[in-house]
Amino acid sequence: MRCGDFKTTYAADMTIFESGNARIMLGLFFCLLFTLPLYVPGYLLDIINRIGIAVIGAIGLNILTGFTGQISLGNAAFMAIGAFSCGYLGTKFELPFYLCIPLAGLIAAFSGMFVGIPSLRIKGLYLAMATLAAHFIVEFLVVKWESVTGGVAGLSIPSPKIGNFVFDSDAKLFFLIFIIAIMSVLFAKNIFRTKVGKAFIAIRDQAISAEVMGVNILKYKLLSFGISSFYVGVAGALIAYQAKIISPETFPITVAIDYLGMIIIGGLGSILGSIYGAIFITLLPELLRMGTSSLAGSFPELVNKLAAMKELVFGLLVIIFLIFEPSGMAARWHSIKNYWKLYPFSH
Amino acid sequence: MAQLSCSDIQLNFGGVRALSGVSFEVSQGEIFAIIGPNGAGKSSMLNCISGLYNPQRGKVVFESHDVTGLPPCERTKRGMARSFQNIALFKGMSVIDNLMIGRHLHQSSGLLTCGLYYGPARAEEIKHREYVEGIIEFLEIQNIRKSIVGTLAYGFQKRVELARALALEPKLLLLDEPMAGMNHEETEDMVRFILETNETHGITIVMIEHDMGVVMDISNTVCVLDFGKKIAGGTPEEVQQDPHVIKAYLGEEDPEVS
């Protein structure tokens with residue numbers, strides 16, 4: 001039985017997974033994950049793909065809001081910027097997807113850094129308002145700048161391909177999405193065990209003393225906006241590839257609020273929390289739909305009413321989490337794990 | 001040559017004059033105490049030195065460079081470090097991570113090397129972790145090194161704040177009431193750490209403290225402020241005898257009573 005930590009090097013102390021068991025479990029999880037397309041039906045795979053994309057976006061938003069403490073309502077806008085840049089680069093310049101996705105991320109990152117400039121002066125609710133303004137500006141641009149975005153008619157996105165291999169089905173897109181998602185998780189994990197991520201958290205916890213300790217506040221706030229928007233932009237590009245047609249309606253303000261819900265329910269300032277939140281919020285409408293359709297037999301009139309339930313349940317869940325578990329699902333998981341770790345000798 | 005010299009510092013907040021014409025010099029390697037009744041302008045003085053406030057008049061010269069008007073992080077780069085009166089640690093981070101922020105300026109990894117982790121970023125992280133562990137050992141906080149700072153007891157938080165300032169490898173340490181709210185034992189520990197910091201690391205210390213016993217015991221020079229003015233300065237013995245200081249602390253003798 002494992003009864004404590006006995007580390008002999010600092011490198012061992014900084015690893016993500018402390019025990020051999022955890023690594024074996026992770027290996028098994030990856031085996032399971034990457035064989036999913038073999039036996040999971042197409043509809044479910046579509047949901048799983050959306051989870052993968054949501055993971056990338058939620059980590060992006062968490063880097064900015066959960067770790068750096070800058071509230072942003074502009075993530076649907078950055079997602080739209082990522083999606084439309086990806087579509088534009090792919091159709092007009094016929095760039096391959098492996099250039100489109102990072103370039104879309106970079107364009108979103110620069111827009112994010114631009115929107116982040118006021119963050120040096122304003123914080124909290126006021127910053128939320130400024131980013132909300134950015135959302136509506138982008139929404140307006142997407143509708144009006146028809147030569148790039150296709151206007152209200154939208155933009156159709158060619159499927160990504162390498163040579164003759166075309167990612168045209170959910171199963172093929174699955175691998176693309178999850179490889180990028182895993183890279184995103186790893187990159188974020190690494191940031192937060194080294195200098196840059198610690199500076200972000202320092203700014204969140206105590207901006208003044210972070211400055212006195214020599215952290216350049218403006219640089220790191222903008223960097224946080226940049227990284228966050230890069231993630232969100234990449235998620236947007238993947239949404240474009242998955243949806244195949246994107247229009248201004250693909251990225252409404254409710255998307256931004258869904259993502260905020262993900263990181264609040266999952267856990268602010270936690271990578272693992274972003275993953276849990278992304279899974280939970282993406283599955284929520286599907287679960288509700290399954291629930292309502294099973295009730296449809298006995299209460300047919302209920303179905304229409306329950307269709308509006310998604311927003312209701314979502315709002316209720318956010319409130320419940322804020323009251324009972326403000327640190328989110330990640331913290332709850334942590335305490336459950338700690339309880340069982342030394343069970344039954346919990347002292 | 002003085003390591004730090006403040007000359008004719010004047011600081012106003014709107015119509016309120018917090019400091020008027022305060023001057024003093026701190027020489028290399030000494031323990032310099034600033035004392036005075038509440039609201040005398042001690043913390044404002046410290047904030048002027050560390051750059052959180054910019055005085056309307058006067059100059060702050062550190063190691064023969066004029067640092068007046070420089071932002072706090074520039075002064076930190078030149079070798080100043082400080083602690084705050086009401087603890088200003090990063091509450092959501094572990095003790096180690098708080099100290100690693102102290103190493104921020106000494107680290108050079110960029111975003112991409114950090115994101116890739118393996119290679120230079122990890123090597124650098126380990127190198128600075130070793131330095132931080134040295135401080136942890138010096139301040140005897142090994143058992144709480146992994147604890148989240150917000151959950152620690154007050155006395156430990158004060159100690160961690162000193163540790164974080166030391167992680168900067170400063171030449172001048174500004175301490176704002178390091179012993180405030182501590183019990184006797186904790187105060188003794190803190191005094192021991194401050195003396196050791198001063199003697200073995202040769203770090204100059206400027207501190208604000210209300211505990212007169214400590215101030216008179218350990219400081220080489222004392223500066224007394226009252227209502228934003230410097231009313232006395234010198235060795236602890238000189239200051240104790242100074243009629244102005246007695247007046248500021250105890251009030252004037254009433255001729256009618258005596």
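Colleague: Are helix 4 of chain A and helix 6 of chain A roughly parallel or roughly antiparallel to each other?

Modeller: This is a predicted model. In it, the axes of helix 4 and helix 6 of chain A come within 8 Å and cross at roughly 30°. Angles under 35 degrees count as roughly parallel. The two helices of chain A are therefore roughly parallel.

Colleague: Which residues of helix 6 of chain A meet helix 4 of chain A?

Modeller: The crossing of these two helices is left-handed. From helix 4 of chain A come A:Ala76, A:Ala77, A:Ala80, A:Ile81 and A:Phe84. In helix 6 of chain A they meet A:Ala134, A:His135, A:Val138, A:Glu139 and A:Val142.

Colleague: Within what arc do the buried residues of helix 6 of chain A fall?

Modeller: The buried residues of helix 6 are A:Leu127, A:Ala130, A:Thr131, A:Ala134, A:His135, A:Val138 and A:Val142. On the other side of helix 6 of chain A, A:Leu125, A:Phe136, A:Phe140 and A:Lys144 are exposed. Seen down the axis of helix 6 of chain A, the buried residues line one face, because they fall within an arc of 155°.

Colleague: Which helix of chain A gives the most to the side that touches chain B?

Modeller: In the contact between the chains, 25 residues of chain A face 33 residues of chain B. Helix 1, helix 8, helix 9 and helix 10 of chain A each supply at least two residues of that side of chain A. With seven residues, the one that gives the most is helix 9 of chain A.

Note on methods. Residues are numbered from 1 along each chain as its sequence is written. Chains are lettered from A and ligands numbered from 1 in the order in which they are written. This is a predicted model: local features need pLDDT of at least 70, side-chain atom pairs count only at pLDDT 80 or more; totals for chains, interfaces and linings use all residues. A residue is buried if 20 or more other C-beta atoms lie within 10 Å of its own, exposed if 12 or fewer, and partly exposed in between; C-beta atoms are placed from the backbone. Helices (H or I, at least four residues) and strands (E, at least two) are DSSP runs, numbered from the N terminus. The arc is that of the directions from the helix axis to the C-beta atoms. Axes are lines fitted to C-alpha atoms, for helices over the stretch in contact, and angles run from 0 to 180 degrees between N-to-C directions. Angles under 35 degrees count as roughly parallel, over 145 as roughly antiparallel, 65 to 115 as roughly perpendicular and the rest as oblique. A crossing is left-handed if the near helix is turned anticlockwise from the far one by less than a right angle, and right-handed if clockwise. Two residues are in contact if their C-beta atoms, placed from the backbone, lie within 7 Å.
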